[in-house]
Amino acid sequence: MKKIIFSILGIAPFLLHAGGFQVNLQGTKQTGMGHLGTGFYLGASSAYFNPATMGHAENKLNVEFGASFITAKVGFQSQETGIVEETDNPLSTPFYLHATYKINDNLSAGLSVYTPFGSTVEWGDDWSGKYLIQDISLQAIYVQPTLSYQLNKKLSIGAGFVYVNGSVEINRAIPAPIGNSNTVNLKGSTNAYGFNAGVHYQLTEKLGIGVTYRSKVDMELDGGDVTFDVDPRLRSSFPNTEFSATLPLPATTTLGFAYQATEKLLISVEGSFVQWSEYKSLDFDFKDNTASLKDSENPRNYEDAMIFRVGAQYTTNENLAVRLGVYFDQSPVQDDFFNPETPSTDNLGISAGFSYRIIDKLTVDAAFLYIHGFERESQYKRDNFGGKYKVKTYIPTLGLSYNF
Amino acid sequence: MKTKNLLYFLPLLALVACEPEFDDMNYSGGSADFSRMVAVGNSLTAGYQSNALSKSGQINSIPNILAEQLKNAGGGAFKQPLLTGKAGEIGAGTDLILQGKVVPALSLTMSTDCKGKTSLGPKVIKAPYLYDGTNGFKGSVAAAGPYNNVGVPGAKLTHLNFAGYAAANPYFARFTTSPSQTVIENAMMSNHTFFTLWIGNNDVLTYALSGGDEGGDNITSAGVFTALYKQTLDSLTKNGQKGVLANIPNITDIPFFTTIPYKGAVVERQQDLDALNAAYGPYNAGLDQVVQQNPAFETEANLRKINFQLGANAFIILDNTLTDLSGNGLPSIRQIKAGELITLRTPQDSLKCAGWGTSKPIPGNYTLIKSEVDDIVNAVGAYNNIIKTEAQSRGLAFVDANKRLRELKKGIVISGISFNSEMVTGGAFSLDGVHPSNRGYAVLANDFIDAINSTYGAAVPKVNVASYSNIEVE
């Protein structure tokens, strides 16, 4: 008898930050407008959307915080077997907190904490793609101190330093030919750094233009835990060990225009260019290798993607503003590299929201975002697994704004 | 004011309340009528695995998987002669049937070899049981027939139309309605509208498994194969029935023949090397003497000379096709060559501890020498020509099982699972190294579905291979 040797194919990658799954919820007001805010100031959350506009605040201190309640359902239909399966994702609740302070007429400082990656995809332990992914969950907290400077009446600039603390957990089944419940758990956390910079220029009294650049962040994870739950006879082939892996979060450049059509109506359009082509492969380096546990290379070959947004805000009176927005978000995933751990479709986002001032300095913000993930037929060709995918996401979001 | 604005959200909520939905798949039988299917063949049709037929294996058989899928496209009930009792549970193998005993299926288990080394491998660990009426194997179930799965383990093409075959085959004896009924006659009882026929493997495999010429079994000639194959198809398509044929894989690529490497005699210590070469010195010298008397013998002498080196060496085998030099006191032995095969039936402990292949030759009934391999390969090629020609001329669906095994040899990936043709680790074969595993059968069932869909314009869903279970360690 030859020695038992199994090969562990590609281990799943660990981030849902795909074009299609980067559910941006860094400000309830902006979310109501199709998640745009590069071309104009819209509260303390502008520290994220365009730090250059922070100084446009009327008050000295502006604080906003809120949370979203994401319910995402991913559907899968195998065109070969006809099997229809669906994720059973728990409710995830990303939050944000932004505070800005006007030090003087020209200089403002801010501090933001937000969670742009708070999603979970749970396909279940025994679904047909279990050897690619069973479930993946990711929490990432961004902390961003920001400074903004008003160069003249028309031109302002701003920049923030971004500290990222991310953690991830993945479960998948191991396709060993012996036993029926062999699984691996990968778990780890890491810190990374980046920046967020913006420029804003008031072209005319009514028309503003903004440009922002969010840097690439390399999430380098070292010393993540690899825990195998395998038949005891396979233990020597799959020793518990550690892994390291690097995932690039791509740079995003955004250009936005805002037009104050009337005193009450603001209209804005935005386009983002996301340099997803940085994400070529996700490679796992295991500290201990065996004949069965080899380092794993997983091609991703993402393509750069665009996001287009249109939004409007109508201020009915001093106390109430209502908002509407729509955006189209292109998937960076090519058809032959579509892995169900990142079920990224082309997305249409439709949102509506309002802000209502309940007492003098306190405003309640609410929005609702529905994201329609267009059906696509794709496969992860290397693993010979694919079918039709479709995503529906609905996100109510609530926040409070405090201006002092 | 606030309430009024909330109303704006209502249409949005209606839009998102529903789940992601897909268009229904539309299944159909195309030009085929699946209402009554009969499956004719050998162990591969019966669902044989790990050296035995068991109830779970029968349920995992290709035609049973297929029938379940065909129900989406007009397929009817599919009745199998399921084993019951002990036979159903732990399997029925016939190695000791002449001693009145039934051998259970192989288990995957840890065992310690003659050198004290413990490893995971196939072994019969359950006790053989009596071949009598109490264990679910012996005893007729014909009354509950007719059966749709007429797969008879061990059956050759030459057996299908052979009256009296039941007396020689306990698997067929269970469900034949009379001792003189042929397998085909039994199959025809279902009044089938559709059939599968995968036959011919044993017409060459039985010869190969028993070590070729030394095993006492013959390869069915291409001429006989052609005549019988046509006759069988004439019966099965008597009323214009449609069906699917499968061809014969290159059996020399199955793990039964590839697991023990030809260069398996490993010599690690210099003293062992010296002793071995010294022991064969007189044999080599004797060959030189024969050459001196008969220079024409030089080629064979060079082939026969034995020389060991440190590291991996070709095993020594007994080869009865060599010139008989027993008169000179020289045995008919030589080292095995690349491309010649050693069967998995070779006792492992004899190789490891009793000097088989090094100080003693491996007997010929455990090896396939080049002439035997050639005969096997040629037979498979001839059968496959016949099968393909018949499929084409009769407009029947055709499964290229031969191509599937060639692909498997290189490795295939399905839903993230890697398969290859290695023993146990490859995932596709059961523990006997001859028959597929649960997943291997599922892959083949999908090949049958592909062939049916493409030939008859049918749309029959395939099965999810990942949902079929693996071997568990016992």
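Modeller: Start with a helix pair. In this predicted model, the axes of helix 11 (residues 222-236) and helix 16 (residues 370-394) of chain B come within 10 Å and cross at roughly 30°. Helices here are DSSP runs of H or I with at least four residues, strands are runs of E with at least two, and both are numbered from the N terminus.

Biologist: What ground rules apply to the numbering and the confidence?

Modeller: Residues are numbered from 1 along each chain as its sequence is written, and chains are lettered from A and ligands numbered from 1 in the order in which they are written. Local features need pLDDT of at least 70, side-chain atom pairs count only at pLDDT 80 or more, and totals for chains, interfaces and linings use all residues, while side-chain values use heavy atoms, with hydrogens and water left out.

Biologist: How do I read the angle between helix 11 and helix 16 of chain B?

Modeller: Axes are lines fitted to C-alpha atoms, for helices over the stretch in contact, and angles run from 0 to 180 degrees between N-to-C directions. Under 35 degrees counts as roughly parallel, over 145 as roughly antiparallel, 65 to 115 as roughly perpendicular, and the rest as oblique. Helix 11 and helix 16 of chain B are therefore roughly parallel to each other.

Biologist: Which residues of helix 11 and helix 16 of chain B meet?

Modeller: Contact means heavy atoms within 4.5 Å. On helix 11 of chain B, the residues include Phe225(B), Tyr229(B) and Leu233(B); on helix 16 of chain B, they include Tyr383(B), Ile386(B) and Ile387(B). The residues of this contact divide into 8 nonpolar, 1 polar and 4 charged. Ala, Val, Leu, Ile, Met, Phe, Trp, Tyr, Cys and Pro count as nonpolar; Asp, Glu, Lys and Arg as charged; the others, Gly among them, as polar.

Biologist: At what angle do helix 5 and helix 18 of chain B pack?

Modeller: Helix 5 (residues 62-70) and helix 18 (residues 438-456) of chain B pack at about 50°, with axes 9 Å apart. That makes helix 5 of chain B oblique to helix 18 of chain B. Ile62(B), Ile65(B), Leu66(B) and Gln69(B) in helix 5 meet residues of helix 18 including Leu444(B), Phe448(B) and Ile452(B).

Biologist: Is Phe34(B) buried or exposed?

Modeller: Buried means under 20% relative accessible area, exposed over 50%, partly exposed in between, with a 1.4 Å probe and protein chains only. Phe34(B) is buried, at 1%. Cys114(B) is partly exposed at 35%, and Cys353(B) is partly exposed at 40%. Phe34(B) sits in the loop between helix 2 (10-16) and strand 1 (37-41) of chain B. Not counting residues up to four places away in sequence, Phe34(B) touches, among others, Leu70(B), Phe194(B) and Ile452(B).

Biologist: What about the chain as a whole?

Modeller: Chain B has 18 helices and 17 strands. Of its 474 residues, 55% count as buried. The C-alpha atoms of chain B fill a box of roughly 110 × 70 × 45 Å, taken along the principal axes.
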